[in-house]
Amino acid sequence: MDQETLADHLRRATRNFTSRLPEDRVFAIGQALAGELARAHAEQPPRHPDLDPDTIPMADGAPRLTGGDPAGETSEDLFRLGCLLSALALGTPAEPSWRLDGPPEAEVSTVRRRAVLSTLAAPRRTDRYATAEEAARELLAATATSPTATAWPLFRGDAARTGARPAAGAARMRPLWRVAAGPVVASPILTADLVLVPATDGRLLFIDRTRGRVLHTVVIGPSECSPTLADGVLHAGTDEGLLLGIDVATGAERYRARLGGLVRSSPLPIAGGVVVGIVDAKGAGAVVAVDAKGKTIWTRKLCGSDDGSLHALDAATGAVVWSARLGAKVRASPAVGAEAAIVGAFDGRVAAVRIADGTEAWSSAIGHAVYSSACLAGEIAVLGCHEGHLHGLDVRTGAPRFETATRGPVVSSPVAAGAFVIGASTDGNVYLLDASGGVLDRQPLAAGGIQSSPALDGVDVAIGSAEGVHLLRLEA
């Protein structure tokens with residue numbers, strides 16, 4: 001009996017091509033073929049096998065790539081693999097036009113799977129994977145069922161809004177990639193493999209963290225709200241008063257809740273849902289809790305931070321636990337430490353308010369209006385001001401530790417990488433500071449300035465600008 005080929009296997013699995021091959025089987029075959037290509041390319045000299053299903057033998061239920069010519073290109077092999085997998089996923093033969101336009105988007109279950117298919121068969125060689133090993137890794141990741149780990153899931157990195165992550169020493173920042181997406185004011189979310197952020201033009205961007213390639217977009221409406229990722233759902237507010245829940249795995253909309261006139265506050269996860277601040281249609285402020293389906297749990301009407309107060313609310317009921325009068329508008333998010341919340345106001349005063357009872361632990365007059373939220377870098381709280389400075393204050397006393405000048409107002413909120421601080425300015429630069437406020441590095445990103453706040457995971461820093469989305473890497 002002749003040896004079974006991949007074509008024979010496909011004919012049997014699809015009832016002589018009268019039904020579509022199951023999606024999981026498409027990706028299992030793709031992973032096996034990518035692994036075979038990697039093995040062939042590693043030989044000396046490299047081998048470039050034929051990828052025609054009629055000539056690919058099957059062994060133990062998996063395709064094997066034998067033969068092949070030393071004359072060939074890795075990029076071409078991957079393109080042909082991509083066309084084969086796209087044809088299987090679409091249930092149609094590959095077309096010559098795919099070389100110019102790429103295959104049509106297949107209706108597969110996840111954003112990652114769609115991205116793998118489009119990257120393999122990208123018309124431009126530079127948009128494809130660099131090696132068969134990389135393609136095999138991506139195909140394996142696309143078949144994984146475990147949820148993607150979230151490295152920086154919300155504005156300021158954690159529910160306490162500390163804006164801090166442990167990190168080793170760094171001396172410079174190296175730009176890795178830029179996605180030209182137009183103005184991006186929101187702070188990105190980082191997963192192990194994605195950068196997620198809304199652009200002000202209304203698109204929610206799914207960006208491959210390694211390659212800087214837009215994998216998927218969802219139209220949500222104009223937004224400057226920094227989103228929040230919780231339990232696989234990205235919660236994002238819009239300037240049209242909507243709060244939307246987007247499934248990160250599939251890109252599908254989970255819910256759409258109309259809350260008010262403007263949603264720019266970053267959602268905060270609570271048990272069973274999220275809490276978000278809004279400006280209602282009459283211009284008044286409120287805090288709203290919604291469940292996982294976007295249904296309102298409770299609403300607490302407040303004048304908002306513009307009443308010059310910092311409020312503590314019960315997460316379960318919305319009841320006011322205490323209010324601390326600060327005296328001027330508060331647009332920054334408080335950074336919550338072990339005993340106190342540190343926040344700046346428009347009158348240039350920074351205050352530490354005790355979490356237990358709302359009493360003031362200390363205040364410090366820096367003399368310049370504050371929109372930037374503080375980060376907690378060990379014993380120092382660092383925040384920006386409208387006069388273009390990054391201020392370092394002692395967490396325990398509020399005493400000034402340093403004042404570092406930039407060339408424009410600082411509305412972005414800095415992050416702490418261990419004892420180091422990364423801050424951005426409307427001058428278009430990202431700054432790396434040491435513990436004493438000394439500038440170790442300054443990277444120009446956008447002539448139009450930066451209002452977005454950095455997101456940090458390990459040595460990777462993601463940030464938006466007037467020109468798009470950037471990823472930088474901290475280096476010793």
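Helices (H or I, at least four residues) and strands (E, at least two) are DSSP runs, numbered from the N terminus. The model is predicted, so I kept in mind that local features need pLDDT of at least 70, that side-chain atom pairs count only at pLDDT 80 or more, and that totals for chains, interfaces and linings use all residues. Residues are numbered from 1 along each chain as its sequence is written, and side-chain values use heavy atoms, with hydrogens and water left out.

**Entry: α2 and α3.** I looked up which residues of α2 meet α3, and found V26, G30, L33, A34, L37 and H41. On the α3 side they meet T74, D77, L78, L81, L84, L85, L88 and A89. I sorted this contact into 10 nonpolar, three polar and one charged residues (Ala, Val, Leu, Ile, Met, Phe, Trp, Tyr, Cys and Pro count as nonpolar, Asp, Glu, Lys and Arg as charged, and the others, Gly among them, as polar). The axes of α2 and helix α3 (residues 74-90) come within 10 Å and cross at roughly 165 degrees. Axes here are lines fitted to C-alpha atoms, for helices over the stretch in contact, with angles from 0 to 180 degrees between N-to-C directions. I therefore noted α2 and α3 as roughly antiparallel (over 145 degrees). Their crossing is right-handed, meaning the near helix is turned clockwise from the far one by less than a right angle.

**Entry: α2 and α6.** Helix α2 (residues 23-41) also has its axis within 8 Å of that of helix α6 (residues 132-143), with a crossing of roughly 160 degrees. This pair is therefore roughly antiparallel too, but here α2 passes α6 in a left-handed crossing (anticlockwise). In α2, F27, Q31 and G35 are among the residues that meet α6, whose partners include A132, E133 and L140.

**Entry: charges over rings.** I found the charged end of R113 over the ring of F27, 4.9 Å from its centre. R156 lies over the face of F155, at 5.5 Å from the ring centre. The rule asks for NZ of Lys or CZ of Arg within 6 Å of the ring centre and within 35 degrees of the ring normal.

**Entry: backbone.** Most residues other than glycine have a negative phi, and most peptide bonds are trans. I noted that the bond from Q44 to P45 is cis, with omega near 0 degrees, and that P45 is in the loop between α2 and β1 (58-59). F17, in the loop between α1 (6-13) and α2, has phi near 65 degrees.

Methods:
Parallel < 35°, antiparallel > 145°, perpendicular 65-115°, else oblique. Contact = heavy atoms within 4.5 Å.
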